[in-house]
Amino acid sequence: MITLTQTPKTPLRVLERCTIGGTVEPKRAGESVLISIADNPVVAASRVGKDGKWKVDLAFKQPGTQEVKIHIASDSAPLTLPVIGRDGSTGPSDASAHNSSNGAGSMVTAAAPQVEAKLTTGHPTLAQLVRQAHDSDYSDVHIGVGRSPRFRSQGVIATTEYPATDEASFRSWLKEILSDEDIARFDETLDYDGAAQYDFVRVRVNLFMSIKGPSMVLRLIPLTPPVLGNLGFPEIFRDICFMNQGLVLVTGPTGSGKSTTLAAMVNEINSTMPKHIVTIEDPIEFVHGEDNKSVVSQREVGIHTQQFNRALKAALREDPDVILIGEMRDRETLSTAMKAAQTGHLVFGTLHTNSAVKTLERILDLFEPDERDSVRKEMAETLAAIIAQSLLPTTDGKRCVISEVLINNDTIRDFIHRDETDEIEAQLKDGAFYGMNTRNQSIFKLFEEGRITEETALEASLKKSEMAIMLRGGMV
């Protein structure tokens, strides 16, 4: 039973801080106190103290009658709070949210809270951190026990004024987005990958254990897939989407925008062609919620399939036209992907390499020396294109993408057969007719447009002497 011992005087004004407090049996110390608005969970508000007492501070952003409920396990206590505007006006409250878990999976849906609430220890809720990051155009949230939450903006970590996170607060954040089964799995394996969704943004969730304790990184992902034409890519990216078959590899380091590029290309196909697109991801990042001209079947490892390679092999029997593989993890995955490309499918995948030639070398390195000749011939026949990309800081304080593009025409195919990588580099430089370009050419184009500085261009180049000549007007 929940007994309320402290409730605010009414009516409250918008953004006026109030405190709700109460007691339960002392034996329930440590249990979470959840605040609901209009019967829907909004924030993990606090925890019951050793003496059975709890309290939470609230400040409502909108006027209207706020139907508040306090939940502690299966017990709840209702509270009606009339809130008026600063000028005394009243209005309907839309302070609503929903939070539903799919049980065994990692999907959670939660709306942005319409209240400003903090734990009595000074810690925000996870929903508030995500909302703050979203509203401030941050890309990532970094939180962990023993340090204050931080955000990433344009590739740079930004500090916050929040206090160092304690174990109780971190655990309350986990309960906001994970099921009990997922939390237990993390406690057992010390690692976890998943995704959660609010009504304003989706987040990719990674949990890990560090020397200070458990930590979490959230990558913010827009709810709607990106539009290829809005990303500033050359026309060859759209042409690749219209290829009938072959293996397309989008490569680059972590955080280089590979997922965004692939999501935009899938969205382009979905918007323009009657295809069946099957994706196998761990976890699903961009959600293609609507079937436009295509049918999009997205599968997440751990929820919709237990094994990555098993799902990939099964995809060949699911009448696909396009298959997207989250990552080429091993030789078995790559072999199956090449088989799919050989049998008339367009296959997209990713690797963590920074150039087209390095991608070819990395693929061969996955196989034994005595297998590489046959793999090289197979790759020459199945490869459609390689896009190697990175993100660079621009002069206006943002970031833009650079890309090296290889299109497997007859000449490139012959060089792959003969393992003449130097010749492939030369073809990239002179292959503008086919939509090809080198990394340095992409960088130099941005420099000519005034979007990046000379220092950025040199730092981003993998062939700095060549780039230095280009920046000084020389020919290479």
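The legends below accompany several close-up views of a predicted model.

**View 1. The chain as a whole, as a setting for the close-ups.**
In this predicted model, the chain has 14 helices and 24 strands. Of its 476 residues, 49% count as buried. Among the contacts in the chain with a separation of 6 or more, 59% are accounted for by residues 24 or more positions apart.

**View 2. The largest nonpolar core, seen around leucine 247.**
The largest nonpolar core holds 62 residues, and of these Ile240, Leu247 and Phe348 touch the most other members. When its neighbours within four places in sequence are left aside, leucine 247 is in contact with Met328, Leu334, Ala337, Met338, Ala341, Val347, Met379, Thr382, Leu383, Ala384 and Ala385. Another core, of 28 residues, lies apart from the largest one and includes Ala127, Leu178, Phe200 and Val205.

**View 3. Histidine 123 and the polar contacts of its side chain.**
Histidine 123 is found in the loop between strand S11, residues 115–118, and helix H1, and at 2% relative accessibility this residue counts as buried. Its side chain is joined to the side chain of aspartate 166 by a polar contact of 3.3 Å. A polar atom of the histidine 123 side chain also lies 3.5 Å from the backbone oxygen of alanine 164.

**View 4. Helices H9 and H10, packed side by side.**
Helix H9, which covers residues 372–382, packs with H10 at an angle of about 170°, and the axes of the two helices are 8 Å apart. Because angles over 145 degrees count as roughly antiparallel, H9 and H10 are roughly antiparallel to each other. From H9, the contact is made by Arg376, Lys377, Ala380 and Glu381, while from H10 it is made by Arg413, Ile416 and His417.

**View 5. Helices H10 and H11, and the handedness of their crossing.**
Helix H10 (residues 410–418) and helix H11 (residues 421–430) cross at roughly 165°, with axes that come within 8 Å. The two helices are therefore roughly antiparallel to each other, and their crossing is left-handed. The residues that make the contact are Thr411, Ile412, Phe415 and Ile416 of H10, together with Glu423, Ile424 and Gln427 of H11.

Arginine 171 is found in helix H2, which spans residues 167–177, and is partly exposed, with a relative accessible area of 21%. Leaving aside neighbours within four places in sequence, arginine 171 is in contact with Arg47, Ile183 and Asp187. Serine 32 is 139 residues apart from arginine 171 along the chain, and the C-alpha atoms of these two residues are separated by 9.7 Å.

Glycine 232 lies in the loop between strand S17 (213–221) and helix H4 (236–241), where, at 66% relative accessibility, glycine 232 counts as exposed. Although glycine 232 and valine 401 are 169 residues apart along the chain, their C-alpha atoms are separated by 8.4 Å.

Aspartate 137 has its place in the loop between helix H1 (126–135) and strand S12 (140–144). Its phi is near 65°, a positive value in a residue other than glycine, and at 56% relative accessibility aspartate 137 counts as exposed. Leucine 190 lies in the loop between helix H3 (180–189) and strand S15 (191–198), and its phi, near 70°, is likewise a positive value in a residue other than glycine. At 39% relative accessibility, leucine 190 counts as partly exposed.

The peptide bond from aspartate 282 to proline 283 is cis, and its omega is near -5°. Proline 283 is found in the loop between strand S19, residues 276–281, and strand S20, residues 295–300.

Terms used
Residues are numbered from 1 along each chain as its sequence is written. This is a predicted model: local features need pLDDT of at least 70, side-chain atom pairs count only at pLDDT 80 or more; totals for chains, interfaces and linings use all residues. Side-chain values use heavy atoms; hydrogens and water are left out. Helices (H or I, at least four residues) and strands (E, at least two) are DSSP runs, numbered from the N terminus. Buried means under 20% relative accessible area, exposed over 50%, partly exposed in between (1.4 Å probe, protein chains only). A nonpolar core is a set of buried Ala, Val, Leu, Ile, Met, Phe, Trp, Tyr and Cys residues joined through side-chain atoms within 4.5 Å. Contact means heavy atoms within 4.5 Å. A polar contact is a pair of N or O atoms within 3.5 Å; within protein, one must be able to donate a hydrogen and the other to accept it, and residues adjacent in sequence count only if both atoms are side-chain atoms. Axes are lines fitted to C-alpha atoms, for helices over the stretch in contact, and angles run from 0 to 180 degrees between N-to-C directions. Angles under 35 degrees count as roughly parallel, over 145 as roughly antiparallel, 65 to 115 as roughly perpendicular and the rest as oblique. A crossing is left-handed if the near helix is turned anticlockwise from the far one by less than a right angle, and right-handed if clockwise.
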